[in-house]
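Please examine the structure shown here before reading on.

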Amino acid sequence: MRSALPPSTGTSPRSSNSWPPSPPCSPKQYGFAEQIGALKQLQDEGKVRHIGLSEVGVAEIETAAEVAPIAAVQNMYNLATRDHDPVIDYTAERCIAFVPFFPIALGGHAGPDSPLTAVAKAVGVTPAQTARAWLLHRAPNMVPIPGTSPPDHLKENLHAADITLSEGQFRRIDEEGRGAAYGSQGGMTNPSTSA
Ligand SMILES: NC(=O)c1ccc[n+]([C@@H]2O[C@H](COP(=O)([O-])OP(=O)(O)OC[C@H]3O[C@@H](n4cnc5c(N)ncnc54)[C@H](OP(=O)(O)O)[C@@H]3O)[C@@H](O)[C@H]2O)c1
């Protein structure tokens with residue numbers, strides 16, 4: 001039986017005769033604007049309708065918007081993670097949808113002991129709904145992902161859009177959530193209210 005390997009050349013394994021052969025070329029690196037340009041080309045060809053970006057700052061959105069209209073931005077944002085406040089304000093001013101991923105901190109804001117509990121009880125809804133209502137109250141362009149598996153949670157999450165928070169409730173959640181920290185189970189605790 002013939003070997004699948006090439007005959008030994010007696011040269012260094014790193015020589016041009018080495019096995020396996022090197023790839024014919026290394027992947028080309030494309031700049032950010034060039035990548036958006038490729039999406040714009042697909043849009044012009046009718047292959048994509050809208051272009052969205054994920055985990056970007058204001059400067060990147062501005063760069064992209066010079067090449068193509070940007071319909072949506074999906075960044076991590078929830079009560080405890082507010083790094084993208086400037087992006088929310090920027091996109092709201094330009095009618096670009098802001099889609100917060102991890103909107104309830106992987107379920108950390110859904111628990112009965114979350115910092116949202118008191119307001120949730122006052123409103124007569126669940127903490128998970130209150131976390132989403134807070135997001136929807138934060139800006140008019142906010143589109144939180146109702147990420148869940150069971151249908152009853154999906155229904156519950158969708159109803160968050162029907163909840164109206166008072167300014168006082170919004171501010172309370174806003175402040176208490178900011179001081180919250182992740183607990184060991186991935187849930188959230190508020191140092192000022194937990195034992
Ligand atoms: N663009 C990006 O880079 C990026 C990165 C990560 C994630 N994402 C997307 O973001 C979306 C949301 O992320 P995520 O689902 O991981 O975060 P999430 O919505 O903050 O948390 C989801 C967790 O919350 C629980 N949960 C949801 N609704 C609940 C309710 N009403 N009561 C109690 N628990 C509830 C879920 O459990 P149950 O299933 O039991 O309800 C699940 O464990 C996903 O679609 C994901 O694909 C995008």
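The buried residues of H3 are covered by elements that include helix H2 (58–65), strand E2 (72–76), strand E3 (97–101) and H5. Helices (H or I, at least four residues) and strands (E, at least two) are DSSP runs, numbered from the N terminus. This is a predicted model, in which local features need pLDDT of at least 70, side-chain atom pairs count only at pLDDT 80 or more, and totals for chains, interfaces and linings use all residues. Residues are numbered from 1 along each chain as its sequence is written.

Val87, Ile88 and Thr91 are the buried residues of H3. They lie on the same side of H3 because they cover an arc of only 100° around the axis, the arc being that of the directions from the helix axis to the C-beta atoms. On the other side of H3, Asp85, Pro86 and Glu93 are exposed. A residue is buried if 20 or more other C-beta atoms, placed from the backbone, lie within 10 Å of its own, exposed if 12 or fewer, and partly exposed in between.

The largest nonpolar core has 27 residues, of which Ile70, Val73, Ala131 and Trp134 touch the most other members. Such a core is a set of buried Ala, Val, Leu, Ile, Met, Phe, Trp, Tyr and Cys residues joined through C-beta atoms within 7 Å. Helix H3 (85–93), helix H4 (117–123) and helix H5 (127–138) each supply at least two residues of this core, and H5 gives the most, with five.

Around the ligand, the largest share of the shell, three residues, comes from helix H6 (residues 151–158).

Technical notes
Two residues are in contact if their C-beta atoms, placed from the backbone, lie within 7 Å.
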